[in-house]
Amino acid sequence: MSDATYLTLEKLTLAYGKTAAVENLDLSIHRGELLALLGPSGCGKTTTMRSIAGLMPVRSGKIVLDGRDITRVSANKREIGLVFQSYALFPHLTVFENVAFGLRLQGMSGAALTEKVEAGLKTVGLSDFAARKTPDLSGGQQQRVALARSLVMQPKVLMLDEPLSNLDARLRLEMRTELQRVQKESGVTMIFVTHDQVEALALADRIVVMRNGAIEQIGTPEEIYNQPASSFVADFVGFENITAVKDGMLVGPAGEVKASGPLPQAAGLAWRPRSIPLGSGPYKGTVRGVSYAGSSREYVLETPLGPVKAEVDAALPAYALGTELAFDLPPEAAAPLQKMD
Amino acid sequence: MFQNRTEALALALPAAVFAAVVFLVPVALLLSEGFKTADGWTIQAYIDFFSMPLNQAVFLRTLKLGLTVTLAAAVIGYAAAYAIVTLPASSKGKMIGLVVLPLMISPVARTYAWIVILGRTGIINQALSAVGLTDGPVRILFTETAVFIGLLQLFLPLMIISLISALENLPRDAVPAARVLGANWFQVFWKVILPLSREGLIVGGTLVFTGSLTAYITPAILGGSKVLMLETLLYQQVTVANNFVSASIIALILIAMSFAANILLRRIASARSAK
């Protein structure tokens, strides 16, 4: 991966009618990078992707690819690949013809075409399916065809919309490995859109967390997972206990308590359930829920702050529902948040 | 579904008998007129019919108008249908309502309305002379152009509706996918939209072409006796000339043209990119 910026979005604003879907978005993507756009539905991630592909008009701002301003270039001249969530295969064509579609438009034919298409099908492991009609294929196979169809075009950037969401759990893992392998082998710059943090963490070199049409945080999977910048990101990556910090007080959704010790400089603090020790500590709560998860037990405590979720080793003695319990919110185990909602 | 075929056949019997008595038998009798002479069966009447210049002209004019109206309806229809299909659900219903609305008004009323617009003192002529483009009124009424406009207006909704239902079934994102793969709009239409909506084009095209051939009121009112079409000629042959042989020949020609149009449309619609 080189550090040179390959694809740049500058002050990008996209809108459906009067409602802005994305506002003033700035983003730089490196050559050969595998980037995830992560966020809940309606956050503008798919809209951003479609605008990069030229399928969504840009209200204002710029898209620059490989040194060329492509903001007003039409979709068929951008050299960008897009694998749609619905795969969008052409049902009237065979697998071979689907993959050949773009190449034929470039005027390729005969042996050169056959060679390229067959190589593309081999990459995704569908060499034996060339003559099939696409509606006869399974979801996973359809996605591979869609992937091959984009890959044979050797796009400058390959984008995938929710590439794993329509697959069952087993296929999902297989496809994840497959995507990583394809990306490594072809070296193509890849952007994929997902609402699933697990997918983003597992696949991406870098994650862009989006919310309400703006970027909430950009970072490596480790950074996003361990150092969320805001309460929104923290909540998204599984910090289930989030409090604001104000004048030495911890402020939860239900109320506030005085912190037992000095707090770090931050707008808020976030703990994963695993970081909350039970049985000792300066705070008090009542057990309102407990569930056994094999290696651990998950508790929900009712506290003056609001509900607190804790996960402790199942080997430790269990607390019954209704037990009054001491617990701790250790500042050193918390992720400091710069931004609270 | 049924215990045996007899039950199903019994249920279909009334409709079959009805169709046979009031449709098949009379049509067969009428068509046989064209082949029957005192000496036996012959196609001499057809040879005579087509050797008359007037009949040739009427035949060619009918064919030409049928084809141009169908072609124009397909071009306008595809654009309209695609635009409507991409609308959000709420406005889609309203737009389809607007397309269907003319079908609820009698073709007679719709056709007479064109006289108001196309006539010597009609809106178009008044506008043209007001702007100073013409000295006197331009003759539009009782020309092929008038019949063309009238027929297109009459049958365009059928094309749009047929194409809407076909385009509704276009796979989501198939068009954007083709765009991203490098297809310009012409290629998108030719390689993706047309092959995936061919059923709609065949149905719509057959309806429009057959409708244009067999429409009587519109050519009668907007074309008059100046722009005879097969249908108006047939009416003349029966009511004025009392010539049932000619009428029978024209009827068979019309039927044959409808079938030919359907076959031709299937050909066109299934012809994809040249490989």
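1. The model is predicted: local features need pLDDT of at least 70, side-chain atom pairs count only at pLDDT 80 or more, and totals for chains, interfaces and linings use all residues. Residues are numbered from 1 along each chain as its sequence is written, with chains lettered from A and ligands numbered from 1 in the order in which they are written.

2. Chain A places 19 residues in contact with 16 residues of chain B (contact: C-beta atoms, placed from the backbone, within 7 Å). On the chain A side, β6 (80-83) and α2 (95-105) each supply at least two residues (helices, H or I, of at least four residues and strands, E, of at least two are DSSP runs, numbered from the N terminus). That side has 12 nonpolar, 6 polar and 1 charged residues (nonpolar: Ala, Val, Leu, Ile, Met, Phe, Trp, Tyr, Cys and Pro; charged: Asp, Glu, Lys and Arg; polar: the others, Gly among them).

3. In chain B, the buried residues of helix α9 (185-196) include Val188(B), Lys191(B) and Leu194(B) (buried: 20 or more other C-beta atoms within 10 Å of the residue's own, all placed from the backbone). The buried residues of α9(B) pack against α8 (174-180), α10 (198-214) and α13 (244-270) of chain B.

4. In chain A, β11 (241-246) runs antiparallel to β14 (268-271), joined by 4 bridges (pairing requires at least two DSSP bridges between the strands). Asn241(A) has Trp271(A) as its bridge partner in β14(A).

5. β11(A) also pairs with β12 (249-251) of chain A, antiparallel, over 3 bridges; Lys246(A) is bridged to Met249(A). The hairpin of β11(A) and β12(A) has 2 residues between the strands, and Asp247(A) takes a positive phi near 50 degrees.

Methods. Two residues are in contact if their C-beta atoms, placed from the backbone, lie within 7 Å. A residue is buried if 20 or more other C-beta atoms lie within 10 Å of its own, exposed if 12 or fewer, and partly exposed in between; C-beta atoms are placed from the backbone.
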